[in-house]
Structure formats: C-alpha cells, structure tokens
Amino acid sequence: ACVEEGLRLAPRDAGLLSLLGRFCFEAGEWDQAIASEELAVKEEPENVCYLINLGRSWQEKGEKSRALDCFRRAERLAPDLALVQASLGELLYEMGEGEEALRYEGKAVATEPGNALYRYNLGVSLETHGTREAACGAFREALRLSPGFEAARSRLARLEQDEQRWFRKME
C-alpha cells in the first residue's frame with residue numbers, strides 16, 4: 001500500500017516502480033512485475049539493477065530470449081559486475097548453452113570469489129560438463145563459504161556417493 005501510494009504521488013519514480021516490481025516478483029505475479037520493471041527501465045534505461053530485475057522476471061515467466069536481451073544490455077553497461085555475469089551464466093545454462101554458461105559463471109566467481117551461490121552455480125555447470133572433480137571442489141567451496149547451503153551439500157554428497165560406487169565396481 002505504501003509503494004502504491006508513493007507511485008500515486010510520484011508515478012515516474014523508477015525506484016518505487018522497481019520496488020513494486022520486486023514485490024510482484026516475490027508474489028509470483030510475473031506480468032505485473034514485468035510491467036513495473038519495464039516502466040522503471042524506461043525511466044532509467046542505464047540502471048543495471050533494473051535491467052537485471054526485468055530480466056529475472058522474464059526468465060521466471062519462461063521468456064528466456066527476452067531475459068537474455070535484458071542481461072546483455074546490462075552486460076554492455078557493466079561488463080565486470082559479478083551479478084551480470086552470474087545472471088547470464090544461470091540463464092545460458094537453462095538455455096542449454098553450457099560452454100558460454102561456464103565462461104560467465106567462472107567470471108562471476110573470479111569477480112566475487114566469496115559468493116557461495118556463484119560457486120554452487122559453477123559447480124552445477126561443471127557437473128553437467130562431466131568435470132566432476134572440479135564440481136566437487138566448487139560445491140565444497142560453496143559449503144565453506146556458507147555451511148548451511150543444503151543444495152550444495154546434497155549435490156556434493158550425491159557426487160561422492162557416485163564416486164564410491166564407481167570405485168567399488170572397479171575392485
């Protein structure tokens with residue numbers, strides 16, 4: 001209600017528009033989130049965060065090419081920003097563009113090495129590419145950075161179990 005009242009008073013306030021978009025995103029209201037984020041981007045077309053938010057809304061709605069357009073625009077504005085690299089990596093992975101996804105995920109980790117989620121996403125891509133040892137390393141590092149990261153713990157445990165089964169078969 002406060003955001004809506006703010007928008008009534010300042011309908012072109014990009015920050016409020018983006019905030020409304022985030023609320024709608026969290027509620028799973030993709031169309032409203034997209035509408036609000038598009039207005040925010042219209043007001044501030046070079047705001048990387050607004051472009052990322054719009055891209056994530058398109059991504060969640062299943063419009064991956066539109067999400068990619070937003071992330072690419074953000075990349076042109078801030079090519080070294082880890083959030084841009086990670087967003088591109090995650091989306092490209094979803095689109096089946098594994099090599100390119102790995103490149104962006106690796107850049108995100110190099111730019112922001114203390115981010116457990118970026119390490120985890122890199123591990124998922126490495127696992128998909130069959131580089132299991134490197135994937136285990138990425139999952140271990142994600143757990144070191146964030147000990148309660150259950151998705152990383154689960155993936156690492158599964159990989160380690162698979163490895164143990166393989167060694168037992170070789171005996």
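**Charged pairs, buried residues and helices**

Author: A search of the whole structure, which is a predicted model, finds 12 salt bridges. One of them joins the side chains of Glu-100 and Arg-72, with 2.8 Å from N to O, and this pair links distant parts of the chain, since Glu-100 is in helix α7 and Arg-72 is in helix α5, 28 residues apart.

Reader: What makes the contact between Glu-100 and Arg-72 a salt bridge?

Author: The term asks for a side-chain nitrogen of Lys or Arg within 4 Å of a carboxyl oxygen of Asp or Glu. The N to O value for Glu-100 and Arg-72 is 2.8 Å, so the pair meets the cut-off of 4 Å.

Reader: How do you know whether Glu-127 and Arg-155 are buried or partly exposed?

Author: Buried means under 20% relative accessible area, and partly exposed lies between that value and 50%. Glu-127 has 13% relative accessibility and therefore counts as buried, whereas Arg-155, at 23%, counts as partly exposed. These two residues also form a salt bridge, their closest N and O atoms being 2.7 Å apart. Because Glu-127 lies in helix α8 and Arg-155 in helix α10, the pair ties together parts that are 28 residues apart in sequence. Glu-127 meets Arg-158 in a salt bridge as well, at 2.6 Å from N to O, and here the partners, in helix α8 and helix α10, are 31 residues apart.

Reader: Why is Glu-37 called buried?

Author: The relative accessible area of Glu-37 is 0%, so it is buried, the limit being under 20%. Glu-37 is found in helix α3, residues 30-43, where the buried residues also include Ala-33, Ile-34 and Val-41. What covers the buried residues of α3 includes α2, α4 and α5.

Reader: What makes the meeting of Arg-22 and Glu-37 a polar contact?

Author: A polar contact needs a pair of N or O atoms within 3.5 Å, one able to donate a hydrogen and the other to accept it. The side chains of Arg-22 and Glu-37 are joined by such a contact at 3.2 Å, so the value falls within the limit. Arg-22, placed in helix α2, has a further polar contact of 3.1 Å with the side chain of Ser-57, while the side chain of Glu-37 makes one with that of Ser-18, at 3.3 Å.

Reader: Why is Glu-105 said to have no salt bridge?

Author: Glu-105, in helix α7, is buried, and its nearest side chain of opposite charge, Arg-56, is 10 Å away. The cut-off for a salt bridge is 4 Å, so Arg-56 does not qualify as a partner. Glu-105 does touch other residues, including Gly-89, Tyr-93 and Asn-121.

Reader: What about Cys-24 and Cys-136: are they buried or exposed?

Author: Cys-24 counts as buried at 7% relative accessibility, and Cys-136 is buried with a relative accessible area of 6%, both values being set against the limit of under 20%. A search of the whole structure finds zero disulfides.

Conventions:
Residues numbered from 1 in each chain as written. Predicted model: local features only at pLDDT ≥ 70, side-chain atom pairs only at ≥ 80, totals over all residues. Heavy atoms only, no water. Helix = DSSP H or I, 4+ residues; strand = E, 2+ residues; numbered from the N terminus. Buried < 20%, exposed > 50% of the residue type's maximum accessible area, 1.4 Å probe, protein only. Lys, Arg positive; Asp, Glu negative; His and termini not counted. Contact = heavy atoms within 4.5 Å. Disulfide = S-S within 2.5 Å. Lists of a residue's contacts leave out its neighbours within four places in sequence.
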